[in-house]
Structure formats: structure tokens, C-alpha cells
Amino acid sequence: MDWREAQRTGGPTFRFAPSPNGHLHLGNAYSALLNDRLARQAGGRFLLRFEDIDEERCGTAYESVIEADLSWLGLAWETPVRRQSARFADYGIMLDSLVGRSLAYPCFCTRGMIREATRGTRVTDPDGAPLYPGTCRSLSAAERCRRLASPGKRDWRLDMTAALRAVDAPLDWEEIDPDSGASRRIAAEPAAWGDAVIARNATPASYHLCVVVDDADQGVTDVVRGHDLLPATSLHRLLQQLLDLPAPRYRHHRLILDEAGHKLSKSRGAPSLRDLRHAGIEAATVKRRLGF
């Protein structure tokens, strides 16, 4: 069964969702290949989505190279490809829902202000950033309106205390081992993120809000992504509950590391699939190296 048949029959849906702000590396290839293999094994759908909300760093030139890389690996996906930059209005509706229920508030703090406010503390979120101290949470309604009416930076943060009060029961999710297929429940711990940013100054949503909205809208049943995103799932489960969105099954796979034991990344100059293609290396060789 290919993805077209799965779409008609409501089969499981998987997605590969890169940010088109650079070239794919072997770690990206592993995730794409794993999603494709699991979709085929389940008789399901395989989607490609470009998470391009950072319009300053993302571009269509990278999208074209990504599609060429994936085709070189032998992958095929549904069309048209979704681009998050075309869905800002939809994310804005979800943000307004949270704001209207007093579950999110505007934050006017710069990174420098947050660093100064958290100087000397070692409390961080799961990404290692200083945990936001809630400076703007206590602003009066009048002060918020005054600042919102003035030009300048503003983000929107989830009021974690209010959000946790709004959910009926402790949250968890189904985690499936990508190798053995064994399933277990993992308790969500969204409080570890504090008052997380869910919309930024330049865009009406952050990664965390966009990903849960798009997964739900596209009918994604199985999220397969790197183990480094495991902690983010706690925050995603909270947002899903607050927005009445379905919870997919999750698989967090191993990371592909470089010789120094670091996660492959564009910022560290990891060799790109484009470079490997141009060097004449065969896709079959890359797939064997990754275990496919």
C-alpha cells in the first residue's frame, strides 16, 4: 500500500519536517529514511513539511536541494509540500485562543534583560537556556496594553502555572522504541520549560506551537524524530491538551554523531548530503552506513 491508498483508508501518517536553512546531513538522512521505512511497513503516508517560520534564514533554494537529496535517497512524498510560512494566520488563531483564556501573555524582555535577571542562577530549561523568571507575567493589564501599542520587541509566553491548572489530569504520551517496537507511557513534565515562548516578535508562532498545530492538521499519527527532542514532547503534550489537539505516538531515535561524539549539525559544519552527491558517492553507500 502506498501513501495514496493510505490517505484514502486513513492509515498511519509519518512526516519528515526539516528547516530549509541549510543543507541536510547524515543525521537528517537517518530521520527521513526511518520515517519512510516505518510508513511503508505500516502501509501509511509519508509527508514532507518545511518548517520555515524563520524567513530570514530559510529559503526556497535550500528547499530545492533538500528535495533533490531526498529523491537521491530514493524517497517519495505527498504533494503539495506544506510550508509553515503559509500558515501564519492559522497559528495566530491558536495563539489568540490561548491569550483569550489568559494562558499566554506578552513578554517585552530582551535576551540581555533575561541574562541580567537570571545572573548567578543555574536553573535552565531542557535546552539549557536560563529559565525565564516571569518578569512580564505580573504586568498590569493597562501596562501590557500600553506596551503592546508601542513599537518594539514582544514575544508571547505560555503562562505555565495557569496552563497546568487548566488541564484535567497528569499528561503522558506513548513512546515506541524505534528499534524493538516496544511501547511504554512516559509522564510529561512541561513545568521544566517554565513560561516557554510560543510566539516570537517576527512570527506569530514558535516551533513548539507550529509543530503541534501542523501535526494535528495533517493527521500525523506517528512523530519520529531525534532523541534530542524528547524533552520538548512534554511541552507539546501540554499544548495539545490546551488546544484540544490529538496526541500522536512518538518515537525518538538515536542521533548520528561525529568522530568527537557530537551531534551532527549544520552549525558544526557536518558534511552535507549535497556534498556527498557531488563527490560521486552512491546513495546505497550512505543508506548502508546508516543501517538501511
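A search of the whole structure turns up zero disulfides, where a disulfide is a pair of cysteine sulfur atoms within 2.5 Å. Please keep in mind that this is a predicted model, in which local features need pLDDT of at least 70, side-chain atom pairs count only at pLDDT 80 or more, and totals for chains, interfaces and linings use all residues. Residues are numbered from 1 along each chain as its sequence is written, and side-chain values use heavy atoms, with hydrogens and water left out.

- Cysteine 210 is in no disulfide either, as its nearest cysteine sulfur, in cysteine 58, is 11 Å away.
- Cysteine 145 counts as exposed, at 53% relative accessibility, whereas cysteine 210 is buried, with a relative accessible area of 1%.
- Here buried means under 20% relative accessible area, exposed means over 50%, and partly exposed is in between (1.4 Å probe, protein chains only).

**The chain as a whole**

- The protein chain has 11 helices and 10 strands; helices (H or I, at least four residues) and strands (E, at least two) are DSSP runs, numbered from the N terminus.
- Its radius of gyration is 20 Å, close to the 19 Å that the globule rule gives for 292 residues, so the protein chain is as compact as a globular protein of that length.
- That radius is taken over C-alpha atoms, and the globule rule is 2.2 Å times the number of residues to the power 0.38.
- Along its principal axes, the C-alpha trace spans about 60 × 40 × 35 Å.
- Of the 292 residues in the protein chain, 49% are buried.
- Counting contacts (heavy atoms within 4.5 Å) between residues at least 6 apart in sequence, 79% join residues at least 24 apart.

**Helix H4, a helix with two sides**

- The 13 residues of helix H4 (residues 88–100) should span 18 Å at 1.5 Å a residue, and the end C-alpha atoms are 18 Å apart, which agrees; the expected span is 1.5 Å times one less than the number of residues.
- Phe88, Tyr91, Gly92, Leu95 and Leu98 are the buried residues of H4.
- These residues cover an arc of only 120° around the axis, which puts them on the same side of H4; the arc is that of the directions from the helix axis to the C-beta atoms.
- As background, an α-helix has 3.6 residues a turn, so residues three or four places apart point the same way.
- Ala89, Ile93, Asp96 and Gly100 are exposed on the other side of H4.
- The cover over the buried residues of H4 includes strands E4 (104–107), E5 (155–158) and E8 (197–199), along with helices H8 (207–217) and H9 (232–242).

**Backbone spots to look at in the loops**

- Serine 102 sits in the loop between H4 and E4, and its phi is near 60°, a positive value in a residue other than glycine.
- Serine 102 is exposed, with a relative accessible area of 53%.
- Aspartate 244, in the loop between H9 and strand E10 (249–253), has a positive phi of about 60° although it is not a glycine.
- Aspartate 244 is exposed too, with a relative accessible area of 71%.
- The peptide bond from threonine 79 to proline 80 is cis, with omega near 0°, and proline 80 is in the loop between helix H3 (60–72) and strand E3 (82–83).
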